[in-house]
Amino acid sequence: MDKNQFGEMPIYMQMALAHNVSAMNAFLKLDNNSQDEIIKKARESTTKREIQQIVDKIPTMHSF
């Protein structure tokens, strides 16, 4: 993931990752395509709860 993509990440996703260290660590270990897919799903989400659910699932993913 390019540094600039964090700027494109929805703010609620940034906040959710900041509060879930295991999700943040797992997210950073994913390949760029998987990270991009997660960010895309978060952008398409209509509620904070949907984004939180996406973030909560990240530690169990091997790829997205």
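Predicted model: local features only at pLDDT ≥ 70, side-chain atom pairs only at ≥ 80, totals over all residues.

Biologist: Which residues of α3 are buried, and where do they lie around the axis?

Modeller: The general idea comes from the helical repeat. With 3.6 residues a turn in an α-helix, residues three or four places apart point the same way. In α3, the buried residues are Ala23, Ala26 and Phe27. Their arc around the axis is only 105 degrees, which puts them on the same side of α3. Val21 and Lys29, on the other side of this helix, are exposed.

Biologist: What span does α4 have from its first C-alpha to its last, and which of its residues are buried?

Modeller: α4 has 13 residues and reaches 18 Å, close to the 18 Å expected at 1.5 Å a residue. Its buried residues are Ser34, Gln35, Ile38, Ile39 and Ala42. These fall within an arc of 135 degrees seen down the axis, so they line one face of α4. Asn33 and Glu44 are exposed on the other side. At the N-terminal end, aspartate 31 caps α4, with a side-chain oxygen 3.0 Å from the backbone nitrogen of asparagine 33.

Biologist: Glutamine 35 is a polar residue in that list. Is glutamine 35 buried or exposed, and which backbone oxygen lies 2.8 Å from a polar atom of its side chain?

Modeller: A residue is called buried under 20% relative accessible area. Glutamine 35 has a value of 2% and is therefore buried. A polar atom of its side chain lies 2.8 Å from the backbone oxygen of phenylalanine 27. Phenylalanine 27 is itself one of the buried residues of α3, while glutamine 35 lies in helix α4.

Biologist: Which members of the largest nonpolar core touch the most other members?

Modeller: This core has 16 residues, and those with the most contacts to other members are Met9, Met13, Leu17, Phe27, Ile38, Val55 and Ile58. Two or more core residues come from each of α2 (11–18), α3 (21–29), α4 (32–44) and α5 (48–57).

Biologist: How many salt bridges does a search of the whole structure find?

Modeller: The search finds 1 salt bridge. The side chains of arginine 43 and glutamate 8 meet in it, at 3.4 Å from N to O. The pair links distant parts of the chain, since arginine 43 is in helix α4 and glutamate 8 in helix α1 (residues 3–8), 35 residues apart. Arginine 43, at 47% relative accessibility, counts as partly exposed, and glutamate 8 is partly exposed at 46%.

Biologist: Finally, where is proline 59 placed, and which residues does it touch?

Modeller: Proline 59 is in the segment after α5. Leaving aside residues up to four places away in sequence, proline 59 touches Ser22, Ala23 and Ala26. Its relative accessible area is 36%, so proline 59 is partly exposed. Proline 59 and lysine 29 are 30 residues apart in sequence and 10.0 Å apart in space, C-alpha to C-alpha.

Methods: Residues numbered from 1 in each chain as written. Heavy atoms only, no water. Core = buried A, V, L, I, M, F, W, Y, C linked by side-chain atoms within 4.5 Å. Buried < 20%, exposed > 50% of the residue type's maximum accessible area, 1.4 Å probe, protein only. Helix = DSSP H or I, 4+ residues; strand = E, 2+ residues; numbered from the N terminus. Polar contact = N/O pair within 3.5 Å; in protein donor to acceptor, adjacent residues only side chain to side chain. Arc of directions from axis to C-beta. Expected span 1.5 Å × (residues − 1). Contact = heavy atoms within 4.5 Å. Salt bridge = Lys/Arg side-chain N within 4 Å of Asp/Glu carboxyl O.
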